[in-house]
Amino acid sequence: MARLGALIPLAIVLLAAVAATAAPSDRPPKAQGPKPHKEKEKEKPKPMKVKCRPRKLYPYCPGKPMECPAECSQSCYADCSSCKPVCVCSVPGACGDPRFIGGDGNAFYFHGRRDADFCVLSDRDLHINAHFIGKHGADGMSRDFTWIQAIAVLFDGHELYVGARKTAAWDDDVDRMELTLDGEPVRLLPGTDAAWTSGAVPALSVTRTSAANGVLVSLDGRFTIRANAVPITEEESRVHRYGVTADDCLAHLDLAFKFGALTADVHGVVGQTYRSDYVNRFDVKASMPTMGGDSNYTTSSLFAADCAVARYAPSGGSRDRDDGVAMVSEIAGITCSSGMGGQGVVCKK
């Protein structure tokens with residue numbers, strides 16, 4: 001009997017364990033078969049590489065490729081005077097929802113209007129207009145989103161057009177640049193460094209800065225314009241609420257300007273910032289210092305030099321440069337004696 005009494009508790013424990021095993025569990029059974037496939041994150045494109053060419057012209061700058069900085073991994077160029085890669089949008093020019101950097105090195109916005117043309121620079125023998133495209137602003141906004149889709153450069157009676165073609169789905173390998181001189185197409189061969197020289201204007205050249213969607217336009221001693229065609233990405237549209245649709249990625253231009261010499265009377269949205277008497281009246285503490293006065297810069301068409309501040313009056317003859325003002329050097333970032341420094345800052349004497 002004593003042995004039987006000792007076995008009874010053990011039997012109860014075993015029965016309880018069997019019952020617990022047989023009872024349905026509140027937890028779902030382990031899934032069988034292959035684990036669900038996790039969607040891979042899109043890989044970021046590798047930084048673009050640039051270098052100085054040809055090496056004979058830059059003996060002190062190695063010909064080794066340099067990666068673009070992280071903040072402009074797909075849009076930079078080699079500054080062969082400093083042997084450094086420089087962001088296109090960190091020097092005088094215009095990028096994005098147009099953010100300009102003036103000849104004085106200060107950044108500001110000029111939004112203009114969508115589907116309208118504005119004079120960016122107007123001087124005695126050089127005039128540059130820009131065509132703005134855009135989208136209705138998000139709820140609560142009093143303005144449209146705008147970008148520069150094309151520019152027209154007028155000089156010595158000639159008309160040069162540089163633009164980004166409208167496109168739905170963007171492909172980095174497909175060239176969306178369009179160029180014409182006096183209405184005739186500028187035909188560039190494929191491949192980085194492919195160059196074209198005008199038969200009508202021998203001093204004018206166009207060079208590819210990348211296999212597609214990047215060019216450098218130069219008129220000896222007068223101007224250099226770097227133009228990159230870029231889209232609005234899905235991420236940019238989501239973050240800024242641009243509302244990009246599947247039928248148009250809003251291809252536009254990022255631009256960098258360099259001028260050989262301008263007269264003291266130069267004007268235009270960015271042109272006036274090269275004047276010796278220009279006074280920057282923007283609030284330097286504002287997050288988006290914005291230039292107004294659209295009516296002063298509106299033109300009747302992309303090739304019209306008829307804005308209220310127009311100065312264009314080409315003579316076609318020799319030019320007296322005694323009233324010229326030297327350009328501000330392209331400097332990505334410096335520190336002045338006053339302590340002010342960084343990108344978009346130029347020290348003045």
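Start by selecting leucine 154: across from it in E11 stands glutamate 159. Strands here, labelled E, are DSSP runs of at least two residues, numbered from the N terminus. Before you go on, note that this is a predicted model, where local features need pLDDT of at least 70 and side-chain atom pairs count only at pLDDT 80 or more, while totals for chains, interfaces and linings use all residues. Residues are numbered from 1 along each chain as its sequence is written, and side-chain values use heavy atoms, leaving out hydrogens and water.

**Stop 1: strand E10 and its neighbours**

Now pick phenylalanine 155, which stands opposite histidine 158 in E11. Colour E10 (residues 145-155) and E11 (residues 158-164): the two run antiparallel and are joined by 6 bridges. Two strands count as paired if DSSP finds at least two bridges between them. The hairpin of E10 and E11 has 2 residues between the strands, and there aspartate 156 takes a positive phi near 50 degrees.

Click glycine 134 and you'll find its bridge partner in E10, threonine 146.

How many of the 11 residues of E10 are buried? It's 11 of the 11, so the strand is largely enclosed by the rest of the structure. Buried means under 20% relative accessible area, exposed over 50%, and partly exposed in between, using a 1.4 Å probe and protein chains only.

Zoom out to see the open sheet of 7 strands, ordered E13-E12-E11-E10-E9-E8-E20 with antiparallel pairing. Its edge strands, each pairing on one side only, are E13 (184-185) and E20 (298-299).

**Stop 2**

Staying with valine 217, show its contacts (heavy atoms within 4.5 Å). Leaving out residues up to four places away in sequence, valine 217 touches Leu160, Val162 and Phe223, among others.

**Stop 3: the other sheet**

Now select the open sheet of 8 strands, E7-E6-E5-E18-E17-E16-E15-E14, paired antiparallel. At the edges sit E7 (107-109) and E14 (195-197), each pairing on one side only. From one strand to the next, the twist averages 20 degrees; the axes behind it are lines fitted to C-alpha atoms, for helices over the stretch in contact, with angles from 0 to 180 degrees between N-to-C directions.

Within this sheet, E17 (residues 223-230) and E18 (residues 252-259) pair antiparallel over 8 bridges. Click asparagine 228 to find its bridge partner in E18, aspartate 254.

**Stop 4: asparagine 213**

Finish in the loop between E15 (204-208) and E16 (214-219), where asparagine 213 is found. Is asparagine 213 buried or exposed? It's buried, with a relative accessible area of 6%. A polar atom of its side chain lies 3.0 Å from the backbone oxygen of valine 174, and a polar atom of the asparagine 213 side chain lies 2.6 Å from the backbone nitrogen of arginine 176.

Note on methods:
Helix = DSSP H or I, 4+ residues; strand = E, 2+ residues; numbered from the N terminus. Polar contact = N/O pair within 3.5 Å; in protein donor to acceptor, adjacent residues only side chain to side chain.
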